[in-house]
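Reader: I have just opened this entry and would like to understand the words used to describe it. Could you show me the structure and then take my questions?

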Amino acid sequence: MFGDERYGFGSLADRSVRPTPLQNPTKAEIVAQLEGASGISNDTELLIFFVGHSVSEGADDIQLILGQSKDGNDRTIQLRWLLQTISHEHIRKLVVILDTCHAGRTAQQFRGASGQWFAMLATDDGYAFDAAFSDAVLRALEAPIRRNDQRLDRRHGGMTYNKVFENARGRIVNTSTEGRPSQDPRSSGDYGITLLLPAPRRVPDGFNVFASSRSIYGRVFRLLQIIQNGPHSVDELRAATRSDSTFLLQRSEGASKYVSTERLGEYLEFLRKAGFINQPGGRIQMTEVGLRASDHRRFNTEVMAAIEARVLTDGVTYEFLNEVVMQLLSDMIPPTPINIQQRAAMLGRLLRLDIPTRLALLLLPSTGQFLKGSADAIFPAELG
């Protein structure tokens, strides 16, 4: 699995060669792997995955059992020795997966390690059973990425080590067997947020059918479809929206509540600035660009192009907005329009928050343009 080209792992001695598991290695063979490594730098990332038996050693260590000697005794190494040996090779990025009994008792050792690290431990100070944690980790890595995949970290743009652990732990917890002690995997380390597999980004050309029809995104599309049958006066459009469930806010037996006249005016202002409609003689009609956008097969393409070209302030591109949004999420700040405006100013660019721009910022998540969350955002992560 770790030789899969998606993940980019290679042998420590030769990065172009698929990793080869060491079965019952000697201490000398382990040292040879490290001493034979080529091109180690501060950016070198080492993954150590041990699956096998172990025994407790002192208060916070374990002896990893590497097989048996000729006289039938266990051959072991201390985890502390292994970590120190790795450290001597100046490797500063380390991921360790221990699928063995008592793994959790070693957590304190990692907290004192230098550099960046992340540890996945199959259990606390109890037993690990039947290599179940390894099975869960490999299953987390094998399954293709799908829409709304829980293994994806939207903030970091794909599958991280943290997400692999969370998925594996969930499998262990959900498949625990009655009649035996529970197995409780643990993890620690800041390196867990490191991206292991970038999520494929696929922004659809057509209307995103997974978005709510009553979102800003859905209502803009529906309004275009209504205007397509025009031209209409504003009063005629108001009447049309008050008989269309897309614009319904609250249903009641007496008088249902629909999008207000003021809000309808904001939608029309957005469509006008986007170049989708014009209003000769006071009657609203579609432009050629608007006609293309009203086609569900092209809506995303047209609306995104129009927003970047005509709605957003000059100099504010999707690339820049994406940087702003990611910074906000990293700082645990919600990417609301006002917060986006303030962060853009910190980065030296003015973003005018007129009505069309506010609507655009609230509409964009549903196009799939950004790897971020909002009430109606859909993360487009299907392969192909």
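Author: Below, I take your questions one at a time and set each value against its definition.

Author: This is a predicted model, where local features need pLDDT of at least 70, side-chain atom pairs count only at pLDDT 80 or more, and totals for chains, interfaces and linings use all residues. Residues are numbered from 1 along each chain as its sequence is written, and side-chain values use heavy atoms, with hydrogens and water left out.

Reader: Why is Asp124 said to form a salt bridge with Arg186?
Author: The term asks for a side-chain nitrogen of Lys or Arg within 4 Å of a carboxyl oxygen of Asp or Glu. Here the closest N and O atoms are 3.7 Å apart, so the pair meets that cut-off. The two residues belong to distant parts of the chain: Asp124 sits in the loop between strand 6 (116-121) and helix 4 (132-142), and Arg186 in strand 9 (residues 186-188), 62 residues apart. Helices (H or I, at least four residues) and strands (E, at least two) are DSSP runs, numbered from the N terminus.

Reader: What makes Asp124 partly exposed?
Author: Buried means under 20% relative accessible area, exposed over 50%, and partly exposed in between (1.4 Å probe, protein chains only). Asp124 has 26% relative accessibility, so it counts as partly exposed. Arg186, with 39%, is partly exposed too.

Reader: Which residues are joined with these two into one network of salt bridges?
Author: Asp184 also forms a salt bridge with Arg186, with closest N and O atoms 3.3 Å apart, and Asp184 is partly exposed at 22%. The structure holds 19 salt bridges.

Reader: What makes Arg297 exposed?
Author: Its relative accessibility is 59%, so Arg297 counts as exposed. Arg297 forms a salt bridge with Asp295, the closest N and O atoms being 2.9 Å apart.

Reader: How do you know that the buried residues of helix 2 line one face?
Author: Those residues are Leu79, Leu82, Leu83, Thr85 and Ile86. Seen down the axis of helix 2, they fall within an arc of 160 degrees (the arc of the directions from the helix axis to the C-beta atoms), so they line one face. Their cover includes helix 1 (27-35), strand 3 and helix 3 (107-111).

Reader: Why are strand 7 and strand 10 said to stand at the edges?
Author: Three strands form an open antiparallel sheet in the order 7-8-10. Strand 7 (152-153) and strand 10 (195-198) each have a single partner strand, so one side of each is left without a neighbour in the sheet.

Reader: How do you know that strand 8 and strand 10 pair?
Author: Two strands pair if DSSP finds at least two bridges between them. Strand 8 (residues 158-160) and strand 10 have three bridges, in the antiparallel sense, so they pass. In one of these, Gly158 has Pro198 of strand 10 as its bridge partner.

Reader: What makes a group of residues a nonpolar core?
Author: A nonpolar core is a set of buried Ala, Val, Leu, Ile, Met, Phe, Trp, Tyr and Cys residues joined through side-chain atoms within 4.5 Å. The largest such core has 50 residues, and Phe270 and Phe299 are among those with the most contacts inside it. Apart from it lies another core, of 28 residues, including Tyr7 and Leu152.

How values were computed. Contact = heavy atoms within 4.5 Å.
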